[in-house]
Amino acid sequence: MTTMETRRTKALTIDPLKVSPPLGAALALLGVERGLPLLHGAQGCTAFALVLLVRHFREAIPLQTTALGEIETILGGADNLEAAIRTICSKSKPAVLGVCPTALTDTRSEDLAADLKGIATRLGPELGETLLVHAPAPDFVGGLQEGWAAAVQGIVDAAARPRPRRSGHVVVLAGAHLTVGDLDALRDLIEAFGLTCTLLPDLSDALDGHIPDTWSPVSLGGTPRAALDDLGAAEAVLAVGAHMAPAAALLEARTGVPATVMDTATGLRAADRLVAWLSRLAGRRAPAGVRRDRSRLLDALIDAHFAAVGQRVAVAAEPDLLRALVTLVTDLGCRVPVAVTTTRAPGLDGLPVERLLVGDLDDLETAAHAAGGVDLVIGPSPAQRAAQALGAPLLRAGFPQLDRVGSQHVVSVGYRGSRDLAFAVANALTDAVHREGPAHADPRAPVPLCQGQPSAQESDHEAGSPSAAR
Amino acid sequence: MLTDRLAPVFDEPACATNRAKTDADRKAGCRTKGPAPGAAAGGCAFDGAKIALQPIVDAAHIVHGPIACEGNNWDNRHAASSGPDLYRRGLTTDLGEMDVIQGGEKKLWRAIREAVERFDPPAVFVYQTCVPALIGDDLHAVCQAAAERFARPVIPVETPGFVGSKNLGNRLAGQTLVDHVIGTVEPETTTPTDIALIAEYNIQGELWQLTPLFERLGIRLLSCITGDARFRSVAQAHRARAAMVVCSQAMLNVGRGLRERWGIPFFEGSFHGVRATSEALRGFARLLVERGAPADLIDRTETLIAEEEAAVWRRFAPLRDRLAGKRVLLYTGGHKSWSIVSTLQDMGMTVIGTSVRKATEDDAARARALLGEDGQLFGAIPNAEMYRMLRDGEADIMLSGGRSQFVALKARRPWLDTNQERHHAYAGYAGFLVLAERIALTLDAPVWPLVNGPAPWDDGWDPDWDDGWDGTATGEGLA
């Protein structure tokens, strides 16, 4: 058990872990078929988010801006918003157009909900089939996952209504921490029980990296518009990730479909709960393949624990990914002396982390030094600097992963994904031991604290650092 | 107040295009009509300012704003450093709700103090963004007080994103250097061959492809603005004997500032391509000799050019056949719309078209002259049309920036990044060869025949299919 610390006294953020909530909102909207996010702010708000998304996914990212200038900043941006929506509806004809306010419009306290209503009325038939979604991500609270959650809530709010139930159909509200590979794995698992599902959002159909037959100015795939209209036509709603709870509650309230929230789907216990839930819903025993996967996970945990037990792991991740990663590494017997996250999400207090900070990547490095060093760092690519300074390898997880290809296809949910993650952690720790020689192989041996600039030997980790992507 | 500072930036007297305008046009400035909401692409003024100043490697660069401005953006350029890496740290006040309500000045003050205590930088640049500008944080007052308290320059960069485009931000950053930095430090020694490079950002180490040339000529690079720069070296730029503005759209005002305040002559040029590089070296030699450098510098420069050019063509020979006749679609901006055309033509390639959507009229005229009848001048090409051109095999390769890369890649056609996110250094004679080699490697990469071949369910597939790819796109074998 731990308590969350916020470094209130610190004014300067050094090497942020956090990205902006509107970026997360935009990403969620890209998981809807023919979706197009529109950031209501200055051009840079869109440009920065776009570049970072492109660098992580290595895919075209349709993302537009209302391009607020100084006049609109003073007088209000509603005219630009209307012009942007008009242009987009006539040019790109998205199925879903998601409007994401930014810090700029939040600071002005623009009444976007009212503006959008007025615009929809004025545009009338010009809007065509386009569904307007208001995705008010709280720019000043949290990061990517909070923005993502707000956008999903906005989609549910705009689309969900009661429908006749379809037995055996599940709506999965997928959290921001799930990769394309995770979504594929969830779908496969659900279908293994003879159930069908709608994933919302569904990046596995949009940003999975494929070669389409034509150029598209909107998202390449994702949850189809028809499936949005049918969100109420399910037997059950499954939200994966605690941050999806508000959207799940809203969907249940709108449609009457009972919703279940699973904080995580990573690790043996979480995968067991998921399988039990599916088994109950489908009214059938887990199929042989799923049982075999569980057996393999048990074996993987046993094999992996030798390298892991007693090792010290520092984790930098948004709340729900942090929960998944901490659960698995502590299941393997690692200690987590330090973890850093982006916001004070409820439920994190119970995680087996010795020190949990709401902070940045510099806090991770400083706190890990203070704790006597660590053997492995898990976090996004920008955590490489901290990992190097600590003389520990970096296992990449989360967003952004700028120096890896294929990060979207790394799986960490269910029996199979948990198995893969256990292997990745153990192998990363083993590589580190080999690199540093046998003195380090004994987890009880004292670990030299490295201060300041990394030595040449420590820098070696950059070239040989393991990747969650392999 | 802001408008007062913006107007002169748009009316650039050193700009040939600007001078050629009528009085009325000039008064309107070179600011293009604002971006179209819902159909705009490109960064904001803050983005442009950060790009232009961040290569000062030993300074702390603090972004005063909410997380979007730095959290989505830090360490995303490839400007290289030969030493300090403080410029790569993501430093921000990460403004929250309470800061908006109470004002962000105190937090900014404390952030500057923390940066000084932690990193002890020779100078701190503080970037204003939209939100603190809107709530009225007085950046200048905080910076002035901090400079006094912490006994080092703390420089306000007043470029909230909403004031305009990335290019405007480049210019405002240049003006900030002229107003607050250049002329504040005296060099320990000066020589008659001291030069300044302006708007050379050392992307992927391009500056280091040039410094050996200067060294061989006995020319001292006193100040590079801002590639691999130390704060002190930028601050002493006013003692240069001659200057060159590399990317004129970005920082012509810095060249003019040097000329007006300190009488330093400058010229505009480029280091992309053999001819451009030779011209740039000649330009420096001429200006330096005019200002008192030994007259033999001109002859020595000609000797070096002759040697280097001969060496380039000798080393280029093995690549010539691989590149000859290959058709290039060039989609870039500014002076690159013609300077790269001439470079590619020197390589024996055919430029089927270049985009002049971000070029001045002068740039466009030069591009037209170079292209002759073979190539087209394009404005903005819609992505769908660009996709069709590539898919239909109208070009063998596209050279462009990251924004359009996926149009080529999804059309399964070779593509090479020639913009600021590029992964290789293409400056000077050495860079010409690197570019030629990268183009050849990209064109001949085995993935193109592989990904353009038929699938097992297509007509024409057989288990032993051989692509017979000759690097020429035919449009066959499409799904």
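Predicted model: local features only at pLDDT ≥ 70, side-chain atom pairs only at ≥ 80, totals over all residues.
Colleague: What makes chain A as compact as a globular protein of its length?

Modeller: Chain A, which has 17 helices and 15 strands, has a radius of gyration of 23 Å, and this is close to the 23 Å that the globule rule gives for 470 residues, so the chain is as compact as a globular protein of that length. Along its principal axes the C-alpha trace spans about 75 × 60 × 45 Å.

Colleague: How many of the residues in chain A are buried?

Modeller: A residue counts as buried when 20 or more other C-beta atoms lie within 10 Å of its own, and buried residues make up 61% of the 470 residues in chain A.

Colleague: Why are helix 1 of chain A and helix 7 of chain A called oblique to each other?

Modeller: The axes of helix 1 (residues 21–29) and helix 7 (residues 144–159) of chain A come within 6 Å and cross at roughly 45°. Angles under 35 degrees count as roughly parallel and those from 65 to 115 as roughly perpendicular, while the rest, apart from those over 145, count as oblique; helix 1 and helix 7 of chain A are therefore oblique to each other.

Colleague: Which residues make the contact between helix 1 and helix 7 of chain A?

Modeller: Among them are A:P21, A:L23 and A:L27 of helix 1, together with A:L144, A:W148 and A:V152 of helix 7. By class, this contact of helix 1 with helix 7 of chain A has 12 nonpolar, 3 polar and 1 charged residues.

How values were computed
Residues numbered from 1 in each chain as written. Chains lettered and ligands numbered in written order. Axes fitted to C-alpha atoms, helices over the stretch in contact; angles between N-to-C directions. Helix = DSSP H or I, 4+ residues; strand = E, 2+ residues; numbered from the N terminus. Contact = placed C-beta atoms within 7 Å. Nonpolar A, V, L, I, M, F, W, Y, C, P; charged D, E, K, R; others polar. Rg over C-alpha atoms; globule rule 2.2 N^0.38 Å. Buried ≥ 20, exposed ≤ 12 C-beta atoms within 10 Å, placed from the backbone.
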